[in-house]
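Dear colleague,

I am passing on a structure that you have not worked with before, and the notes on it follow below. Please look through it first and then read on.

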Amino acid sequence: MVPPIETQVKSPVSQKFSIPPLNERILSSMTRRSVAAHPWHDLEIGPDAPQIFNVVIEISKGGKVKYELDKKTGLIKVDRVLYSSVVYPHNYGFIPRTLCEDSDPLDVLVIMQEPILPGCFLRAKAIGLMPMIDQGEKDDKIIAVCADDPEYKHYTDINELPPHRLAEIRRFFEDYKKNENKEVAVNDFLPSDKAFEAVQHSQDLYADYIVESLRR
């Protein structure tokens, strides 16, 4: 009877791996140049703008932490914790590929059922405009509803909202900077057509900014 042929099994230690050691992989990843998507510039506004558009959420409904876009990196950073005993009444964020006179993208308050994590984006429908002056500078906000929330997607104008809902929104923005000794004035809410105009205007400003940047 022929004895079985013995095969030598190499231990894992003696095998040659194509994968470099961990420290080399870390150093390699640190030196490798890569570009991450920037939510302000790389995310499209959407084909139905200025009526329906994408919104990148910075602050969740019910939150007290003031998150905001870091323009250089595209990440969502912590700006501060609100000084007043108030929380954001609805999800708050910005419209990509828009620009306002304060050099920031256009702000949006999105009314919907659930809080959304910072950094996520959703489709929103403009229903009104809240003219606002923050420390002497224009800082208008679009009031919108989530276009994919069955409870709110049928709203078409801000006047369809309960008056108390509008009073809550106004009071939040009037009060949220008081303990920082900063003055905010909120004027009367405007209808949806004014919101469409504001979104379109911010799109045009952004387009002009891009053209000017390419010329440099």
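**Pockets**

Sorted by class, the residues that line the largest pocket are eight nonpolar, one polar and 16 charged; here Ala, Val, Leu, Ile, Met, Phe, Trp, Tyr, Cys and Pro count as nonpolar, Asp, Glu, Lys and Arg as charged, and the others, Gly among them, as polar. Please keep in mind that this is a predicted model, in which local features need pLDDT of at least 70 and side-chain atom pairs count only at pLDDT 80 or more, while totals for chains, interfaces and linings use all residues. Residues are numbered from 1 along each chain as its sequence is written, and side-chain values use heavy atoms, with hydrogens and water left out.

The volume of this largest pocket is about 500 Å³, and of the 25 residues in its lining, Lys66, Glu68, Asp104, Asp107 and Asp139 lie nearest its centre. A pocket is an open set of points on a 1 Å grid over the protein atoms alone, where a 1.4 Å probe fits and protein lies on both sides within 12 Å along at least five of seven lines, and lining residues have an atom within 4 Å of a point. Grid points are joined across faces, edges and corners, and a volume is the space filled by probe spheres set on the points.

Strand 2 (65-69), strand 3 (76-81), strand 4 (91-94) and strand 8 (137-138) each give at least two residues to the lining of the largest pocket, strands (E, at least two residues) and helices (H or I, at least four) being DSSP runs numbered from the N terminus. Strand 2 has the largest share of that lining, with four residues.

The second largest pocket holds about 190 Å³ of space. Its lining has 13 residues, and Cys100, Glu101, Leu106, Lys138 and Asp140 are the closest to its centre. Helix 3 (residues 192-215) supplies the largest share of this lining, three residues, and by class the lining of the second largest pocket is made up of five nonpolar, two polar and six charged residues.

**The barrel and the helices on it**

Five strands close into a barrel in the order 1-4-5-9-6, with mixed pairing; two strands pair if DSSP finds at least two bridges between them. On average, and with direction ignored, neighbouring strands of this sheet are turned by 55° against each other. Axes are lines fitted to C-alpha atoms, for helices over the stretch in contact, and angles run from 0 to 180 degrees between N-to-C directions.

Helix 2 lies across strand 4, strand 5, strand 6 and strand 9, and runs at about 140° to strand 5. Helix 3 packs on the sheet as well, touching strand 1 (52-59), strand 6 and strand 9, and its direction makes about 120° with that of strand 6.

How many residues of strand 9 are buried? Six of the six are buried, so strand 9 is largely enclosed by the rest of the structure; buried means under 20% relative accessible area, exposed over 50%, and partly exposed in between, with a 1.4 Å probe and protein chains only. Lys141, Ile143 and Val145 are on one side of strand 9, and Ile142, Ala144 and Cys146 on the other. Strand 5 is likewise largely enclosed, because five of its five residues are buried.

**Individual residues**

Lys177 lies in the loop between helix 2 (163-175) and strand 10 (184-186), and because its relative accessibility is 10%, Lys177 counts as buried. Apart from neighbours within four places in sequence, Lys177 is in contact, that is with heavy atoms within 4.5 Å, with Arg80, Ser84, Asp134, Gln135, Lys182 and Val184. In that loop between helix 2 and strand 10 there is also Asn181, whose phi is near 60°, a positive value in a residue other than glycine, and which counts as exposed at 75% relative accessibility.

Ser103, in the loop between strand 4 and strand 5, has a positive phi near 70° and is partly exposed, with a relative accessible area of 46%. Finally, the peptide bond from Ala49 to Pro50 is cis, with omega near 15°, and Pro50 is found in the loop between helix 1 (22-31) and strand 1.

With best wishes
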